[in-house]
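Welcome! Take a moment to turn the model around on your screen, and then let us walk through it together.

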Amino acid sequence: MSQHDDKRRRLLGRLSRQFAYTAPVLALVAGGAALQATAGNTSTEAGFAPVTEATLLLASNHGEAEAEGEAEGEAEGEAEGEAEGEAEAQSSDAVQRPDGYTPGYSETDANPQELLVRGEELYYDTSLSTNGLSCASCHGSDGQDMGYKATFEQPFPHRVAMASDQFGMPEVHADEMVQVCMVAPMEAEPLEWEGEALQSLSAYMVEVQRRFAGETHDL
Ligand code: HEC
């Protein structure tokens, strides 16, 4: 196998991993539509509008175009850099709490309102990603809480399939999980560890976890 073929194979592997995120979300959107059809309730349909298949397709097309351009080998050096970057992203280094880090939010107690307000704002912010998605594109707006598995009923830290499958982490704190979603489905750099963005999004996700589990929350 030539070096070029090898690069192409790695890039295609990366692309198919991208599809692994979008597929369950599409299934979810379809499932939601079916549920609504059964209930005969058309008035809530607008609630699903922000999570459009078009958005997600756009995201995967973007990935495809990127991989195609790279596989073309016009900028071999760049493609190589990308492929290596991808290999690094699969290590947990970028998403695991670094040594000496002190979280500025709580997973056991209530969090300050200002963190929650800021966290909610960022949750809808597509500028955090490089592919046009916001957290709400996949997890739903207005408290829909989509795309989470039953493991989300446990308080943090807990096991999350995506973190364990993609990054080999047996369990994650809320901030680590935010970083996993930043690096993987959002295709972006991790947020600054002690920065206000990560701290507010994590505080917000702790409250979303409480809401998802049917517990008292501050949202
Ligand atoms: C392209 C879709 C997508 C986007 C965008 C996305 N996520 Fe996720 N998220 C997922 C998937 C898939 C899972 C995995 C569920 C699992 O494996 O249990 C997940 C899991 C999570 C979990 C873990 C739930 C648990 O069980 O603890 C949190 C928290 C989370 N996402 C937060 C975020 C935040 C915050 C953002 C925005 C910065 C975001 N996500 C953006 C798809 C997405």
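This is a predicted model: local features need pLDDT of at least 70, side-chain atom pairs count only at pLDDT 80 or more; totals for chains, interfaces and linings use all residues.

For six octahedral donors, the ideal angles are 90 or 180 degrees.

**The iron site**

- Which protein atoms are donors of the iron atom? They are NE2 of His 139 and SG of Cys 181, which lie 2.0 to 2.3 Å from the iron.
- These two residues bring together distant parts of the chain, as they are 42 residues apart.
- You can find His 139 in helix H5, which covers residues 135-139, and Cys 181 in helix H7, which covers residues 174-183.
- Is His 139 buried or exposed? With a relative accessible area of 15%, His 139 is under the 20% cut-off, so it counts as buried.

**Helix H7**

- The helix that carries Cys 181 is largely enclosed by the rest of the structure, because nine of its ten residues are buried.
- Among the buried residues of H7 are Ala 174, Asp 175, Glu 176, Met 177 and Val 178.
- Further along H7, the buried residues include Gln 179, Val 180, Met 182 and Val 183.

**The chain as a whole**

- How many helices and strands does the protein chain have? It has eight helices and zero strands, which gives the pattern α-α-α-α-α-α-α-α when read along the sequence.
- The protein chain has 219 residues, and 42% of them count as buried.
- Take the contacts between residues at least 6 apart in sequence: 64% of these join residues at least 24 apart.
- The accessible surface of the protein chain comes to about 11,400 Å², and carbon and sulfur atoms account for 53% of that surface.

**Aromatic rings**

- The structure holds seven aromatic pairs. A pair of aromatic rings is described by the distance of the centres and the angle of the planes.
- Phe 152 and Phe 156 make an edge-to-face pair, with 6.1 Å from centre to centre and 70° between the planes. Both Phe 152 and Phe 156 are buried.
- Phe 152 also pairs with Phe 212, this time in a tilted way, with 5.0 Å from centre to centre and 45° between the planes.
- Why does the pair of Phe 152 and Phe 212 tie together separate parts of the chain? Phe 152 lies in the loop between H5 and helix H6 (161-167), whereas Phe 212 lies in helix H8 (residues 196-212), so the pair joins parts that are 60 residues apart in sequence.
- Phe 152 has a relative accessible area of 6% and is therefore buried, while Phe 212, at 23%, is partly exposed.
- Ring pairs also link Tyr 148, Phe 152, Phe 156 and Phe 212 into a cluster.

- Met 205 sits in helix H8 and counts as buried, with 11% relative accessibility.
- Leaving aside neighbours within four places in sequence, Met 205 is in contact with Tyr 123, Tyr 148, Phe 152, Phe 156 and Val 178.
- Met 205 and Glu 120 are 85 residues apart along the chain, and their C-alpha atoms are separated by 8.9 Å.
- His 158 is in the loop between H5 and H6, and it is buried, with a relative accessible area of 6%.
- Not counting residues up to four places away in sequence, His 158 touches Thr 151, Phe 152, Glu 171, Val 172 and Gln 209.
- The C-alpha atoms of His 158 and His 173 are separated by 7.0 Å, and these residues are 15 apart along the chain.
- Glu 207 is found in helix H8 and is buried, with a relative accessible area of 1%.
- Beyond neighbours within four places in sequence, the contacts of Glu 207 include Ala 110, Asn 111, Leu 116 and His 217.

**Confidence in the model**

- The mean pLDDT of the protein chain is 76, and 59% of its residues reach 70 or more.
- Over residues 26-67 the pLDDT is below 50, and this stretch has 36 contacts in the model beyond near neighbours in sequence.
- Residues 73-89 also stay under 50 in pLDDT, and the model has 15 contacts for them beyond four places in sequence.

Definitions and conventions: Residues are numbered from 1 along each chain as its sequence is written. Side-chain values use heavy atoms; hydrogens and water are left out. Donors are N, O and S atoms within 2.8 Å of the metal (3.2 Å for Na, K and Ca); water is not among the atoms, so sites may look incomplete. Helices (H or I, at least four residues) and strands (E, at least two) are DSSP runs, numbered from the N terminus. Buried means under 20% relative accessible area, exposed over 50%, partly exposed in between (1.4 Å probe, protein chains only). Rings of Phe, Tyr and Trp (its six-membered ring) pair if their centres lie within 6.5 Å; planes under 30 degrees apart count as stacked, over 60 as edge-to-face and the rest as tilted. Contact means heavy atoms within 4.5 Å. Accessible areas come from the Shrake-Rupley method with a 1.4 Å probe; for residues, only the protein chains shown count as cover. pLDDT is the predictor's confidence in each residue, from 0 to 100.
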